[in-house]
Amino acid sequence: MARGPGAGAGDRIAHGGDLDAARRLFPQAPDPWIDLSTGINPVPYPCPALEASTFHRLPSAADLGTLRAAAAHAYGVADPDRIVAAPGTQILIETLPRLVARARVAVVGPTYAEHAAAWGRAGHAVATVSGLEAACAADVVVVVNPNNPDGRTWEAGGLRALAGDLAGRGGLLVVDEAFADLEPVETLGPSLGPGLLVLRSFGKTYGLAGIRLGFALCEPALAVALAEALGPWAVSGPALSIGRAALSDAAWRREAAVARAADAARLDRMILRAGGTPIGGTCLFRTADFPDAAGLFDRLGAAGIYVRRFSEAPARLRFGLPPDKAAWCRLSRILR
């Protein structure tokens with residue numbers, strides 16, 4: 001097993017969405033930039049009008065309760081007491097390792113590097129493994145399903161079996177379902193039990209990453225510990241209101257899934273025409289290898305289009321979805 005990427009305490013992990021870095025790399029690029037370096041839905045949920053009091057007062061326990069109930073329904077969780085709301089899943093990724101006794105942690109990768117980094121910062125022995133079979137000796141196993149950046153998925157039955165095995169020896173399976181909302185995958189929210197914690201991202205699905213909202217789904221005792229670690233008023237009043245409305249809108253999610261899947265297929269066709277080899281992704285991002293990925297990255301950047309590159313895989317680029325017709329046309333011109 002290899003040490004996980006980003007596990008070093010002092011390492012800075014690169015993320016998508018850093019347009020300041022893009023401008024430093026390409027100071028002559030035209031504005032406005034088209035940021036395709038993230039996997040955030042480019043067509044956001046239409047935020048409802050908010051009462052002024054949402055901004056003036058502290059959120060109440062009832063406000064939080066209605067959000068948790070909406071999340072429980074959306075994620076197929078029978079009991080809202082198994083829902084923890086947080087200001088984004090990143091804070092949950094950072095907080096959870098501090099609540100677990102020192103353990104051997106296996107992160108199935110390569111994947112989102114903050115998982116290995118957070119467990120490493122908390123003093124755990126972290127390793128990156130290539131699959132579930134290689135994780136059998138660990139006390140804690142972390143799986144991103146669908147995986148970022150290659151879209152790899154794991155069968156729900158196998159994950160449930162692994163969670164049961166880990167629970168039997170006091171361990172934990174963490175399944176990050178950040179990109180599951182719009183995908184045809186079986187999620188684990190309805191299968192919660194001992195030894196299983198599921199993370200769900202709000203901002204990616206609904207295109208509202210700036211409001212900072214995410215959820216952990218887990219057994220009530222662990223949910224209480226996580227909520228206490230986050231402290232009171234962890235989620236803002238506006239985020240509670242917007243989250244409740246969006247999570248209750250199943251029709252919007254269904255329509256978004258169909259539309260974004262069509263967008264992803266269109267992007268794959270453009271990648272193929274540009275000589276790329278798609279390796280996977282989700283309906284919110286596509287990842288591909290190119291004969292001259294570095295050159296393409298530079299041409300896109302010079303044109304004000306920022307995509308994600310990977311130091312550990314120099315031939316690989318990840319593309320988010322363009323937000324509108326003008327952005328699609330601009331990307332198409334460069335890829336041609």
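Reply: Loop backbone

Arg-212 belongs to the loop that runs between helix 7 (203–206) and strand 8 (214–217); helices (H or I, at least four residues) and strands (E, at least two) are DSSP runs, numbered from the N terminus. The model is a predicted one, in which local features need pLDDT of at least 70 and side-chain atom pairs count only at pLDDT 80 or more, while totals for chains, interfaces and linings use all residues. Residues are numbered from 1 along each chain as its sequence is written, and side-chain values use heavy atoms, with hydrogens and water left out.

Most residues other than glycine have a negative phi, and most peptide bonds are trans. Arg-212 is not a glycine, yet its phi is positive, at about 60°. With a relative accessible area of 38%, Arg-212 is partly exposed; buried means under 20% relative accessible area, exposed over 50%, and partly exposed in between (1.4 Å probe, protein chains only). Trp-233, another residue other than glycine, also has a positive phi, near 55°. Trp-233 sits in the loop between helix 8 (220–230) and helix 9 (237–247), and its relative accessibility of 53% makes it exposed.

The loop between strand 5 (140–144) and helix 6 (156–168) contains Pro-146 and Pro-149. The peptide bond from Asn-145 to Pro-146 is cis, with omega near -5°. Asn-148 and Pro-149 are likewise joined by a cis peptide bond, whose omega is about 25°.

Helix 10 (residues 250–273) has 24 residues, which at 1.5 Å a residue should span 34 Å; the expected span is 1.5 Å times one less than the number of residues. The end C-alpha atoms of helix 10 are 35 Å apart, in agreement with that expectation. Buried residues of helix 10 include Trp-252, Arg-253, Arg-260 and Asp-263. Just after helix 10, Gly-275 takes a positive phi of about 90°.

Two packed helices are described by the angle between their axes and the distance between the axes. For helix 10 and helix 12 (residues 325–335), the axes come within 10 Å and cross at roughly 25°; axes are lines fitted to C-alpha atoms, for helices over the stretch in contact, and angles run from 0 to 180 degrees between N-to-C directions. Helix 10 and helix 12 are therefore roughly parallel to each other, a term for angles under 35 degrees, where over 145 is roughly antiparallel, 65 to 115 roughly perpendicular and the rest oblique. Helix 10 brings Asp-263, Arg-266, Leu-267 and Met-270 to meet Trp-328, Leu-331, Ser-332 and Leu-335 of helix 12, contact meaning heavy atoms within 4.5 Å. By class, this contact has five nonpolar, one polar and two charged residues; Ala, Val, Leu, Ile, Met, Phe, Trp, Tyr, Cys and Pro count as nonpolar, Asp, Glu, Lys and Arg as charged, and the others, Gly among them, as polar.

An open sheet is formed by four strands in the order 9-10-13-12, with antiparallel pairing. Strand 9 (277–282) and strand 12 (308–309) stand at its edges with a single partner strand each, so one side of each is left without a neighbour in the sheet. Two strands pair if DSSP finds at least two bridges between them.

Strand 10 (residues 285–289) pairs with strand 13 over five bridges, and Asp-289 stands opposite Arg-316 in strand 13. A hairpin of six connecting residues joins strand 12 to strand 13. The bridge partner of Arg-308 is Arg-318 in strand 13, and Arg-309 stands opposite Leu-317 in strand 13. Helix 11 (residues 293–302) packs on the sheet, where it touches strand 12 and strand 13, and its direction makes about 35° with that of strand 13. Four of the five residues of strand 13 are buried, so strand 13 is largely enclosed by the rest of the structure.

Thr-277 is found in strand 9 and counts as partly exposed, at 48% relative accessibility. Leaving aside neighbours within four places in sequence, Thr-277 is in contact with Ile-271, Thr-287, Ala-288 and Asp-289.
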